[in-house]
Amino acid sequence: GEVAEAYMEQMRHLEQEHCVAVFVDNKDSRIMDVRLSIGNLNCSIMSAREIFRQALLCNAASVILLHNHPSGDPTPSDADRRMTRKVREAGNFLDIPLLDHIVLGDKNYVSFREKGYL
């Protein structure tokens, strides 16, 4: 909930889908965040390669993904689930685990970790 709350206000009014990766150190403190994509295209355009290239550059221990659904409904799409699975597998291979993927709606969110999808 903490991460979702931190990004909710800045992302819930956006009219396009924004995808953000939050890179975390080994003490679970935020190192930096990177806006990966903006647009009406689905978040599946985020490439695992770009996410982990950034993670390696900032020496991240793990990563959290966030994106907003401009409709206000944070229910993950099939594409969201596929992309999450792909990023999780890449992160496991590189020993940079995906801690969570959070889909933000209008004052609500879905956490893949909290729902047991990860």
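Helices (H or I, at least four residues) and strands (E, at least two) are DSSP runs, numbered from the N terminus. The views below show a predicted model, in which local features need pLDDT of at least 70 and side-chain atom pairs count only at pLDDT 80 or more, while totals for chains, interfaces and linings use all residues. Residues are numbered from 1 along each chain as its sequence is written, and side-chain values use heavy atoms, with hydrogens and water left out.

View 1. Along the sequence the elements follow the pattern α-β-β-α-β-α-β-β, which amounts to three helices and five strands. The radius of gyration (taken over C-alpha atoms) is 13 Å, close to the 13 Å that the globule rule gives for 118 residues, so the protein is as compact as a globular protein of that length; the rule itself is 2.2 Å times the number of residues to the power 0.38. The C-alpha atoms fill a box of roughly 35 × 25 × 25 Å, taken along the principal axes.

**View 2. Contacts and burial across the chain.** Of the contacts (heavy atoms within 4.5 Å) between residues at least 6 apart in sequence, 64% join residues at least 24 apart. Buried residues make up 45% of the 118 residues, where buried means under 20% relative accessible area, exposed over 50%, and partly exposed in between (1.4 Å probe, protein chains only).

**View 3. Strand 3, enclosed on both faces.** Strand 3 covers residues 62–68, and seven of its seven residues are buried, so this strand is largely enclosed by the rest of the structure. In a regular strand the side chains alternate between the two faces of the sheet. Here Ser62, Ile64, Leu66 and Asn68 are buried on one side, and Val63, Leu65 and His67 are buried on the other.

**View 4. The strands that pair with strand 3.** Two strands pair if DSSP finds at least two bridges between them. Strand 1 (residues 17–24) pairs with strand 3 in the antiparallel sense over six bridges, and within this pairing Val22 stands opposite Ile64. Strand 4 (residues 98–104) pairs with strand 3 in the parallel sense, also over six bridges, with Val63 standing opposite Leu98.

View 5. Asn92 has its place in helix 3 (residues 78–94) and is partly exposed, with a relative accessible area of 46%. Asn92 and Ser62 are 30 residues apart in sequence, and their C-alpha atoms are 9.8 Å apart in space. Ser62, for its part, is one of the buried residues of strand 3.
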